[in-house]
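Please keep the structure in view while reading.

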Amino acid sequence: MNERVRRWPADLGLSLRMFLTMLILGAVYLGFLTILYWLGIDFWSLMIIAAVMLGIQYFFSDKIVLASSGAKIVTPEQAPRLHAIVDRLCAETGLPKPRVAIVPTDVPNAFATGRSQKHSVIAATQGLLNRLNEDEIVAVLAHELSHVRNRDVAVMTIASFISTVAYYFIMSFAFGGFRSRDRQGGSGLMIVYVISLIVYGISLLLTRLLSRYRELAADRGSAYITGRPSWLISALLKISGQMERMPKKDLRSEEGLNQFFIVPALSGRSILELFATHPSLEKRIRQLERMEKAMGEQ
Amino acid sequence: MGLLDFFRPRSLPPPKIDDLFKLTPAAVTMGQLRVEPTGMAGMCFRSIGGVTFEDMKSGILKVLENSAFLARFSVLTDQFGFTWVVIDSDTLADAVSNVYMASQLLIEGGFSDHITAAIFRFEQGDLPVYWVYNYRRAAFYPFAPRGNERDMQLEYRLRLLVMDELPVDSLDYWFPIWGIPF
């Protein structure tokens, strides 16, 4: 039988960590703005400061992401196969060629970053390159190029900014405007801050919803570029580690272990799906299935 | 059920075999992946010695012989020592009815702990795709053997396609069954 593949590390812990990181970053960000607001800075100055902070994030998005993921930019000589695929995809889509990076980790994954098409970087992990076949790598990189083409880094940055603006509008109504407030001391500041966190949590949910929508759009982009939705389906199944869940032992040899069989199959949606940056695997594959069907009927 | 019953060894509840009939309508949906039904089915159960078991086996064969859903059948034993009743019916609907009747007989005879699976053969082109009904789990799962491997992608896509109309088991219980004799 086939050689036993090592089970890929689950993504759940990573997602949770990233969500908490986002929450803490947002808390610090809003906390900073709230303190400035209590120090008497007016609404418009506050908005400018917020815009500058997000601007830094926006203009240095590629550097921030590359540094935090440990991705290394590679030359065509260092990674000829990866570059060849990117070259071909760029020629097909008419996009300027992004810089190409490899993340030296075994977890199969890929991402795109950079504020504009010219400044974009596409990164793939070593685990992805090792485990996926050529077609599947093409499909994944086409997905990432679709993010670049859809300008998703810009979209998501603007979305975060809009939620900040919306939050301060709510605050100014709730507290009777920025100019007419009187200083209430520490407890007032705490209340404002707690409400700010709640509003921020809601806005995070909304941006995550937007993010999931962008992922589905990038999946569609990949299917259109390659013309083969099934390549991405196959890649997603490999990356997600779903196949690793299937048992290797024959049903008949498992017969002695009856107790395992009476455990009811659990199903149902996890609350984590609300916070997820990516739509569920099932949703993504279903969309690709529909596309494949439509393409087949043409 | 008392608290102590929980710790007592007990027989499994009788399988809910009515779900078998959901396979026929689901087969229409599977056509989207060009997976087509056949009339071939098999029941796989753990052989035990004894007069009652032999009586039960011949009972099953008698039921199949007199079935209104005309079928040819054979009995064989595999390398795991499991008994297979292979039923060759004209259509999937007939195969389901025959398996249902035989299952009912097994369960009524008190042998529900010994039935492992009912397996229905489908085909994609010339390649077999099986739908396995696991009696203990009361759920189906697909199995598409390709040599020594299985086509997990096809299996997963079939699951997505029919999971609303057919009780499909969690992926953790998709045990392969190598060497299905039909």
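## The annotated residue

A:Glu144 lies in helix 6 (residues 134–149) of chain A. Helices here are DSSP runs of H or I with at least four residues, strands are E runs of at least two, and both are numbered from the N terminus. The "active site" annotation on A:Glu144 comes from an unreviewed UniProt entry; such annotations may be inferred rather than shown by experiment.

A:Glu144 counts as buried because its relative accessibility is 7% (buried: under 20% relative accessible area, 1.4 Å probe, protein chains only). Leaving out residues up to four places away in sequence, A:Glu144 touches A:Ala110, A:Phe111, A:Ala112 and A:Ile122. Contact means heavy atoms within 4.5 Å.

## The sheet of chain A

Four strands of chain A form an open, mixed sheet in the order 1-2-4-3. Two strands pair if DSSP finds at least two bridges between them. Strand 1 (72–73) and strand 3 (110–113) are the edges, each pairing on one side only.

Strand 2 (residues 99–103) and strand 4 (residues 121–125) of chain A run parallel, joined by five bridges. A:Val100 stands opposite A:Ile122 of strand 4.

## The hairpin of chain B

Strand 2 (residues 71–77) and strand 3 (residues 82–89) of chain B run antiparallel, with seven bridges. B:Arg72 faces B:Asp88 across the pair. Four residues separate the two strands in this hairpin, and B:Gly81 in the turn has a positive phi of about 80°.

## Basis

This is a predicted model: local features need pLDDT of at least 70, side-chain atom pairs count only at pLDDT 80 or more, and totals for chains, interfaces and linings use all residues. Residues are numbered from 1 along each chain as its sequence is written, chains are lettered from A and ligands numbered from 1 in the order written, and side-chain values use heavy atoms, without hydrogens and water.

Methods
Buried < 20%, exposed > 50% of the residue type's maximum accessible area, 1.4 Å probe, protein only.
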